Each structure stands twice: as structure tokens, then as C-alpha cells.
Amino acid sequence: MAAKCDMKYPITLEEEYRKNPDFPTSDLKLLKEWARNQPHLPPVPEERMLLFHHSCMYDIEKTKACVETYYTLRSNTPEFFSNRDLSSKALQAAITNVTCFVLPKKTPEGFLVLYQKVESSDASKYNFDDSCKLFFMTMDAFLRTEGTVPGVIFLLDYTNIRFGHLAKSSITSIKKMFQYVQEGAPIRLKSMHMVNMNYFIEKVMTFVNPFMNKDLNALIHYYQEGCIRNVYEFIPQDCLPSDYGGNLPSCKDLKDQSIESLMNVQDFFSSDERFFRCNESLRQRTKKPRRSQSMRMSFRKLEID
């Protein structure tokens, strides 16, 4: 007999309904019935289905597509969603080289801010897949405890990024990362702020643009070095770390708090990997187009003028 998962969510359905009085509760029954009729999908907890539906602005068909993408990518992208043990050598290296946390104070609109920065300009210390893994673990942890929020903002600092970092990032991984953010992550993404950009990073973004839909592209804001004050229009100073002229503790202190929080929910990550993945042998197959050869290329082959 297969083991059953008894993973509990800190936030209850009743609390979510109070937060979202406009939530169409009758939709939840329809979506649960649909999910039960998809043999390849794992059981979808009610709290998680509510999160999907909220993120899709209560559009049933979009919610179904989001659920499919979420579980499919998490099942078929082990580089991001497997072996999420913070004591592992790979994640310890990522923690050393990457700062990632959710800012402890929401914006006036109630938006959560998810921050990430690569700390070393030495590309030999960098692993794109493990950096994404840490980023998505941080996202999972706050979704588990916060549930639905009006919106999420990404704040990404590119101070230390060099071409060597990009040369170690495969096009395939970048494509999957954008697909998850755009189509699978159960969040309402409001804006993405890329600070301390330099010339070659902006040029490289032209190669990345094909993986972004027009809606995501419209949410991205670029800032040159020394222009952090322009971010205050979206993220007030009292919601930012002291490193950026804000009133919150330093990034180092916030990082330490975040890692401790992640360590405290290791059981959650283990249960998620064990129980909430697709069973591909039960999926009803449709013929897929052959993957383009270009998806196998690397940034090593790109030339920057």
C-alpha cells in the first residue's frame, strides 16, 4: 500500500476565504473534480488549488493549465525541484554564493518582494540551476506560510554578474525557468526589477527575450548602477534592506533569517518531492513537436560586440 502524505498547510481554507471574499468557492469543487480525472496528476490539496485559482484571477481554464504546468515542470525538471536538501554540497555552495530572501515587510499594496543577488563575480563559484533551485525553494516556503497575496515583486541585483556567469547558464534551463515563472508559479507577479545592470547584460537580454511573453516583458524594469532610488516608486525605502538605503536590516541579516526558516521546513520539501509529482506512465499522451536543436545551445556560443 502506498504511503499517504499528511503534510499540513499553516494557513487554512477559512483564512483564505476571509482574505479573499470574492473567491468563487463553487469553482473549487469543479477544479478538484477535474484534477481527480487526470490520472497522471498527484492529489492536489484544496489549499494549493485555491492558490492556483487565485493566481489565475479565477479563470478556470487558465487554472487547469497552471496546475498542469506546475506539476509537470516540477516532475520533469530535477535540476530545479529535486534534491532540495539544504545540507547538500550543491545547495551549501549556492547558499554561500547567492543571497535570496523574502523581504519581511510588504509594500503598501500588500505585495511580497522576493530578492536575489549573486555575491561573487567569480563565475567558477556559480551554478545557474542551483541558484534557481534556491530561489524557487524560497518562493515555495513563503507560499506555504502566506498563501494568497495580492501580488509578488522580484528584485534582482546584477552587480556581480559577468559574462562568465552567463556562459555557465544553458538555454534549456533559462527556458524552463521562464516557463515556470510565467505559466506554473501560483503567484500574481506584479513587476520585476533588475538593478545595477551593465551594458553587456542588457545586450544579452535580447537573446533571452524570445523566452518571455509580452506580459512578462512589460513587467520588467531595468536600472543602471547607482539608480536604486528609482526603485522606491515601487518598493518604498521602509520595505528595503539598509544596503539599498532602506529601513530594514542588512541583506546579510535577512539572508541568515531566511536560511534558518528554510532549514525549519526541510520536511515540507521532502514531502513535496515524494508525494506531489506527476506519474508520467499514466499521462494521456499527445504527439509533441520535435525539440528545436537551438534549445540545446549554450551562452558560450553567443558573441557580444
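## Strand pairing

In this predicted model, Asp157 has Val195 in β4 as its bridge partner. Strand β3 (residues 152-157) runs parallel to strand β4 (residues 189-197), and six bridges join them. At β1, the pairing is antiparallel: five bridges link β1 to strand β2 (residues 112-118). Val102 stands opposite Leu114 in β2.

These strands belong to an open sheet of five strands with mixed pairing, in the order β1-β2-β3-β4-β5. Its edge strands are β1 and β5 (220-224), each of which pairs on one side only. On average, neighbouring strands of the sheet are turned by 15 degrees against each other, direction ignored.

## Surroundings of β1

Where do the helices lie that meet the β1 end of the sheet? Helix α6 (residues 89-97) lies across β1 and β2 and runs at about 85 degrees to β1. Helix α12 (residues 251-263) also packs on the sheet, where it touches β1 and β2. The direction of α12 makes about 75 degrees with that of β1.

Strand β1 (residues 98-102) is largely enclosed by the rest of the structure, because four of its five residues are buried.

## Cys132 in α7

Cys132 is located in helix α7 (residues 128-146). With a relative accessible area of 8%, Cys132 counts as buried because this value falls under the 20% limit. Setting aside neighbours within four places in sequence, Cys132 is in contact with Phe80 and Met177. The C-alpha atoms of Cys132 and Gln116 are 9.8 Å apart, and the two residues are separated by 16 residues in sequence.

## Helices α2 and α3

The axes of α2 and α3 come within 10 Å and cross at roughly 110 degrees. The two helices are therefore roughly perpendicular to each other, since angles of 65 to 115 degrees fall in that class. On the α2 side the contact is made by Asp27, Leu28, Leu31, Lys32 and Ala35, and on the α3 side by Glu46, Met49, Leu50 and His53. Five of the contact residues are nonpolar, one is polar and three are charged.

## His40 in the connecting loop

His40 sits in the loop between α2 (25-36) and α3 (46-55). His40 is buried, because its relative accessible area of 5% is under 20%. The side chains of His40 and Glu68 are joined by a polar contact of 2.9 Å. Beyond neighbours within four places in sequence, the contacts of His40 are Glu68, Arg277, Cys278, Asn279, Leu282 and Arg283.

Methods:
Residues are numbered from 1 along each chain as its sequence is written. This is a predicted model: local features need pLDDT of at least 70, side-chain atom pairs count only at pLDDT 80 or more; totals for chains, interfaces and linings use all residues. Side-chain values use heavy atoms; hydrogens and water are left out. Buried means under 20% relative accessible area, exposed over 50%, partly exposed in between (1.4 Å probe, protein chains only). A polar contact is a pair of N or O atoms within 3.5 Å; within protein, one must be able to donate a hydrogen and the other to accept it, and residues adjacent in sequence count only if both atoms are side-chain atoms. Contact means heavy atoms within 4.5 Å. Axes are lines fitted to C-alpha atoms, for helices over the stretch in contact, and angles run from 0 to 180 degrees between N-to-C directions. Angles under 35 degrees count as roughly parallel, over 145 as roughly antiparallel, 65 to 115 as roughly perpendicular and the rest as oblique. Ala, Val, Leu, Ile, Met, Phe, Trp, Tyr, Cys and Pro count as nonpolar, Asp, Glu, Lys and Arg as charged, and the others, Gly among them, as polar. Two strands pair if DSSP finds at least two bridges between them.
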